[in-house]
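The sequence and structure are shown first, and the description follows.

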Amino acid sequence: GFYLKLVNGSELAGLQSATQYEPASALKVLYHAKSIREESRRTKTDSTIITYIYDKANPNNGGICNNNFSDTKTTNLKNGDTLMMVNSDNRMTRGILELYGKTVMQNYAKQLGMADTQINHNIGCPTPQTHNSTSLDDLDTVYEGFQNGTDITASKWRTQFRSRMLNQTNYPSAVAQLCTVVHQEAT
């Protein structure tokens with residue numbers, strides 16, 4: 001499916017936006033939203049320590065399935081969250097999930113209204129028996145919720161939500177690169 005909608009506006013085009021699918025890294029935005037929410041509530045800070053699992057033979061590889069490794073390092077929440085959202089770093093994603101716990105993360109998804117979302121494995125580590133699931137409608141709930149202040153009302157934290165992810169403000173060259181991909185795919 002696909003989903004094109006103006007924030008706080010109507011759907012411009014879509015196909016199966018309510019259909020559940022295995023979202024791969026798209027679900028990282030839920031973990032990101034939880035981190036920003038907890039910082040806004042002052043239960044966590046930029047300097048909160050997270051522990052992440054890495055491959056000792058290739059310590060900078062963020063694309064690993066970290067279920068296969070046991071060595072750990074630490075970093076702060078701001079760095080981990082940014083690496084997760086800019087580089088799609090699976091090591092940091094699991095570190096953030098473990099900071100809050102899977103049950104807490106699943107409850108947060110439900111609180112936001114993400115009825116189609118289930119966390120069944122560590123992102124980057126699916127098996128034939130375990131798939132995460134969400135829908136485009138659920139992902140829209142997170143993005144639009146931060147845009148219009150549904151979950152977080154303070155503009156400082158809504159700005160933080162955007163500033164720690166790949167977007168046209170932080171990475172102006174991304175617009176040209178993404179537009180090229182979009183045009184190729186549309187054709």
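## Disulfide link

The link of cysteine 65 and cysteine 125 is right-handed, with 125 degrees about the S-S bond. Cysteine 65 lies in the loop between β3 (49–54) and β4 (71–76), and cysteine 125 in the loop between α4 and α5, so the pair ties together parts that are 60 residues apart in sequence. The sulfur atoms of this disulfide are 2.2 Å apart; the term denotes a pair of cysteine sulfur atoms within 2.5 Å. A search of the whole structure finds 1 disulfide. Helices (H or I, at least four residues) and strands (E, at least two) are DSSP runs, numbered from the N terminus.

The model is predicted: local features need pLDDT of at least 70 and side-chain atom pairs count only at pLDDT 80 or more, while totals for chains, interfaces and linings use all residues. Residues are numbered from 1 along each chain as its sequence is written, and side-chain values use heavy atoms, with hydrogens and water left out.

Cysteine 125 counts as buried because its relative accessibility is 5%. Buried means under 20% relative accessible area, exposed over 50%, and partly exposed in between (1.4 Å probe, protein chains only).

Asparagine 122 is found in the loop between α4 (102–112) and α5 (136–148). Asparagine 122 also counts as buried, because its relative accessibility is 16%. Apart from neighbours within four places in sequence, asparagine 122 is in contact (heavy atoms within 4.5 Å) with Asn66, Asn67, Arg94 and Leu97.

Helix α1 (residues 28–40) has 13 residues, which at 1.5 Å a residue should span 18 Å; its end C-alpha atoms are 19 Å apart, which agrees. The expected span is 1.5 Å times one less than the number of residues. Of the 13 residues of α1, 12 are buried; among them are Lys28, His32, Lys34, Arg37, Glu38 and Glu39. The cover over the buried residues of α1 includes α2 (77–87), α3 (90–100), α4, α5 and α6 (155–163). Arginine 42, which follows α1, has a positive phi near 65 degrees.

The largest nonpolar core has 29 residues, of which Val29, Leu30, Tyr31, Ile96, Met105, Phe146 and Phe161 touch the most other members. Such a core is a set of buried Ala, Val, Leu, Ile, Met, Phe, Trp, Tyr and Cys residues joined through side-chain atoms within 4.5 Å. At least two residues of this core come from each of α1, β3, α2, α3, α4, α5 and α6, and α1 supplies the largest share, 5 residues. Beyond its neighbours within four places in sequence, valine 29 is in contact with Met85, Leu139, Val142, Tyr143, Phe161 and Met165.

## Helix α4

Met105, Gln106, Tyr108 and Ala109 are buried in α4. Around the axis they cover an arc of only 155 degrees, which puts them on the same side of α4; the arc is that of the directions from the helix axis to the C-beta atoms. Helices α1, α3 and α5 are included in what covers the buried residues of α4. Just after α4, glycine 113 takes a positive phi of about 100 degrees.

Strands β1 (residues 2–5) and β2 (residues 11–15) run antiparallel and are joined by 4 bridges; two strands pair if DSSP finds at least two bridges between them. Leucine 4 stands opposite alanine 13 in β2. The hairpin has 5 residues between the strands, and asparagine 8 takes a positive phi near 60 degrees there.
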